[in-house]
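Work through the exercises below with the structure in view. Each task is followed by a solution in steps.

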Amino acid sequence: MNRAGIGVLLATGLVLLAHGVDASKLFAPGARDLFVGSPGDRTFWLTIGGLFSFIGGSVGALGRVKA
């Protein structure tokens with residue numbers, strides 16, 4: 001994987017994770033979340049997508065350093 005691809009995966013992962021945490025209202029739960037208790041599908045997929053993207057970029061970067 002080239003450097004640009006690794007950088008895109010890392011940046012995309014960080015952005016998606018930030019949006020996922022923001023959408024979950026982790027630090028300021030709303031009234032709806034107090035009663036429902038689930039953050040929603042969008043939050044889940046943003047966080048999971050960001051996590052996998054960041055992990056993929058990290059593995060690519062570490063593999064590039066060792067090679």
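A residue is called buried under 20% relative accessible area, exposed over 50%, and partly exposed in between (1.4 Å probe, protein chains only). The model is predicted: local features need pLDDT of at least 70, side-chain atom pairs count only at pLDDT 80 or more, and totals for chains, interfaces and linings use all residues. Residues are numbered from 1 along each chain as its sequence is written, and side-chain values use heavy atoms, with hydrogens and water left out.

**Exercise 1. Describe the chain as a whole.**

Step 1. Helices (H or I, at least four residues) and strands (E, at least two) are DSSP runs, numbered from the N terminus. The protein chain has three helices and zero strands, and its pattern along the sequence reads α-α-α.

Step 2. Turn to burial: 13% of the 67 residues of the protein chain count as buried.

Step 3. Accessible areas come from the Shrake-Rupley method with a 1.4 Å probe; for residues, only the protein chains shown count as cover. The protein chain exposes about 5000 Å², and 72% of this is supplied by carbon and sulfur atoms.

Step 4. Contact means heavy atoms within 4.5 Å. Of the contacts in the protein chain between residues at least 6 apart in sequence, 76% join residues at least 24 apart.

**Exercise 2. Find which helix has the lowest mean pLDDT and which the highest.**

Step 1. pLDDT is the predictor's confidence in each residue, from 0 to 100. Its average over the protein chain is 78, and 70% of the residues score at least 70.

Step 2. Among the elements of the protein chain, the lowest mean, 52, belongs to helix α2 (residues 31-36), and the highest, 87, to helix α1 (residues 3-24).

Step 3. Where pLDDT is low, the predicted coordinates should not be read in detail.

**Exercise 3. Decide whether T43 is buried or exposed, and list what T43 touches.**

Step 1. Locate the residue: T43 is part of helix α3 (residues 41-66).

Step 2. The relative accessible area of T43 is 7%, so T43 is buried.

Step 3. Setting aside residues up to four places away in sequence, T43 touches G20, A23 and S24.

Step 4. Now look from the other side. G20 lies in helix α1 and counts as buried because its relative accessibility is 0%. With residues up to four places away again left out, G20 touches T43, L46 and T47.

**Exercise 4. Classify the aromatic pair of F44 and W45.**

Step 1. Rings of Phe, Tyr and Trp (its six-membered ring) pair if their centres lie within 6.5 Å; planes under 30 degrees apart count as stacked, over 60 as edge-to-face and the rest as tilted.

Step 2. The structure holds one aromatic pair. The ring centres of F44 and W45 are 5.0 Å apart and the planes stand at 75°, so this pair is edge-to-face.

Step 3. For accessibility, F44 is partly exposed at 45%, while W45 is exposed at 57%.

**Exercise 5. State which residues make the nonpolar surface patch of about 260 Å².**

Step 1. The patch is made by L51, I55 and V59.

Step 2. Take L51, one of these residues. L51 is in helix α3 and counts as partly exposed, at 39% relative accessibility.

Note on methods:
Patches are made of residues with over 30% relative accessible area and no salt bridge: like charges are joined within 9 Å, nonpolar side chains (Val, Leu, Ile, Met, Phe, Trp, Tyr) within 5 Å. A salt bridge is a side-chain nitrogen of Lys or Arg within 4 Å of a carboxyl oxygen of Asp or Glu.
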